[in-house]
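We will visit a helix pair, some aromatic rings and a couple of backbone spots.

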Amino acid sequence: ALLIGLWSVWVSGVLLIALSLYATQRLPLSKNRIFSHTSFSDHDTPKITIFTAPAPFTGSSGPKQSLAIRSWLALSPQISVILFSQHHSAASFAKSFGSRALVESDIDFTFLGVPFFHSMVAKSRAFKSDIYVFMDTETILLPDFVLALNYAHNLDDDWLLFASPRDVPNFPFYLDEDRKHWLKDGQRIRIQEDTLGSSWQWSCCDSRMVIAWNNGVMPLHHGVLPPFLYGKGVYNHWLINEALSSGLRFVFDASWTISNIALGDSRRQSNCLVKSSNVSDIEKGSWEYDCNSHLAAVYGLSSLHGFNYSAVMKLVKCDGQYLLINATEDFLHTYAYKKKSLWKRHIPNCWRSKTTLACVVRTIKTRNETSGCSLKDGSVHTKTLKLSFSLESLLAITADENKTVVLTVAGYSYKDMLMSWVCRLRRLRITNFLVSSLDYETYQFSVMQGLPVFNDPSAPSNISFNDCHFGTECFQRVTKVKSRLVLKILKLGYNVLLSDVDVYWFKNPLPLLSSFGPATLAAQSDEYNQTRPINLPRRLNSGFYFARSDAPTISAMGKVVRHAATSGLTEQPSFYDTLCGEGGSTRKGDNRCVEPGTNLTVHFLDRNLFPNGAYLGLWERKNVKSACKKQGCLVLHNNWISGRVKKLERQVISGLWDYDITTRMCLV
């Protein structure tokens, strides 16, 4: 009987081993497998590219950012850093770190110099890397960052990980001259969690999370990434939630295996903007946060608000071993991951050492105490988005060194053409532009696109912008808004280049326009006949002109505005009849006229440089862009065509279009 019993135990053991091996091979992957950490050389380390944007976005970077970036580059020669910035100081800042730090400015920025997160992510694909990391520039990384990414790099499928920040108000350490060792009071020190003592605490700050993913086949999530403002909250939480909801990648929390040390700075706490029991005195009412929150509410698969990370898979390290675990409903599970499938088992005490189990329980318990992060208020997206800038403050921010601004006016049906116009100016590195919205919808749209927009209270209401084109009563009412705004800005002491959104810019015309002296208004001619004078009656195009802030111009523009107010036509005839006299009575030569009361000279611009929509049949050419460049066009007006749809079609088909309406990004 004893032999039979022993035989049964032996057979049962063999069968159990066989079944375990079979399960390992046939099932997605058994979850009782523990991944042990082994040492990695620099040769084994995957290529890691860290993407970030120095702040403040319109000023020089500080010593904390310099220390942080040096800590990243010191971890491995396989790490490189891309700094998104358009500020002139960024190049010298990057140069101080050597050849592994580069500046990238060819993305979308707001008028305040804040980069768009979706544009940063899109541009990251142009860089060849095994792992892509996005993080804040005031975050210190320790060697466990590389070790955790090495582990993740060996997972069998596409993944996305995140690590919450640990706020450290006092960080007394610095790197030696070789950037290899941490020092404190001149002595080498190895920074670990216990080294920081009790001075650190978990933070829910969205903008200071570390988020990383592998260069894989699967996208991060379904749908498109909204135009979030980088560094202004919400977007990391949104991305994690969408990745989890989409199920295209394995998503896990690496907060306990990546020491994401956020250098304390109360000045930047307003970028966190989340509800959290361990974050207090957070600034409310940020328009940037409200903008991001609004986008999060209208894009995506599921509601972001109230999302809790306690149920997300976690990567922990105990007794030198990496474990992927989940702790829900007082149960502890360990996981292995392969081919997007998970198989879990409870961890019997006999399978794990008491110290390992205690480490896991302690880690998860502590982490769960601070995992209740959620956004401020689920109703925030119903707020009216409003910039905290007046027209006067926008002028002071956007005007160039000559106190010149480029002004455009747009309604909602022309929002896409507005963005194509903006993208073209951005491509030309022209930033001194302003947008006047004719309706609430355009204002909201422009705020979310990061434009310097203001709402004109004098704009006509109850206008159907789907049918507001040349020749309509709507068009007549709208055009008169432009001259009133130009006059207002001139009186505030700024020169104005008024450009309709259907004017395509090949080059920056301001250097040439600025060369015209004082008391001169330079305007496009609407004359299309090549043999006739360009200053014939009512051939002044009020959709593109340059006006200086001087007494003669202001006085003459006042006359135009008063004339247009009593006219049943558009403002364009008022311009010509006021400045050049009815029937062209004050014409001078073939390209000028003089307003006698103010002695203002009106200069009609060379049509070869500033062609209208009917001149030389340029829009009918097979290759419009090539024909215009060959001719030397500075701009090309998309006028002399009736109807918004036809106008849009002509511009898109011609290739003179710079905006992707699907991704809400400027085309490269």
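Predicted model: local features only at pLDDT ≥ 70, side-chain atom pairs only at ≥ 80, totals over all residues.

Residues are numbered from 1 along each chain as its sequence is written, and side-chain values use heavy atoms, with hydrogens and water left out.

**Stop one: the helix pair**

Select residues 551–565 for H14 and 571–579 for H15; the two pack at an angle of about 130°, with their axes 9 Å apart. Helices here are DSSP runs (H or I, at least four residues), as are strands (E, at least two), numbered from the N terminus.

Now show side chains: Ala556, Met557, Lys559, Val560, His563 and Ala564 of H14 meet Glu571, Ser574, Phe575, Asp577, Thr578 and Leu579 of H15 (contact means heavy atoms within 4.5 Å).

**Stop two: aromatic rings**

Next, select Phe111 and Phe389, an edge-to-face pair with 5.8 Å centre to centre and 80° between the planes. Rings of Phe, Tyr and Trp (its six-membered ring) pair if their centres lie within 6.5 Å, and planes over 60 degrees apart count as edge-to-face. These two partners are 278 residues apart, each in a loop. Phe111 is buried, at 17% relative accessible area, while Phe389 is partly exposed at 24%. Buried means under 20%, exposed over 50% and partly exposed in between (1.4 Å probe, protein chains only).

Move on to Phe171 and Trp182, whose ring centres are 5.5 Å apart with planes at 85°, so this pair is edge-to-face. Phe171 is buried at 14%, and Trp182 is buried at 10%.

Then select Phe51, Phe84, Phe117, Phe127, Tyr132, Phe134, Trp213, Tyr230 and Tyr235 together: ring pairs link them into a cluster.

**Stop three: positive phi**

Most residues other than glycine have a negative phi. Select Arg538, which has a positive phi of about 55°, in the loop between strands S29 and S30. Arg538 is partly exposed at 42%. Finish at Asn599, where phi is near 65°, in the loop between strands S32 and S33; Asn599 counts as exposed at 54%.

Key
Axes fitted to C-alpha atoms, helices over the stretch in contact; angles between N-to-C directions. Phe/Tyr/Trp six-rings, centres within 6.5 Å; stacked < 30°, edge-to-face > 60°.
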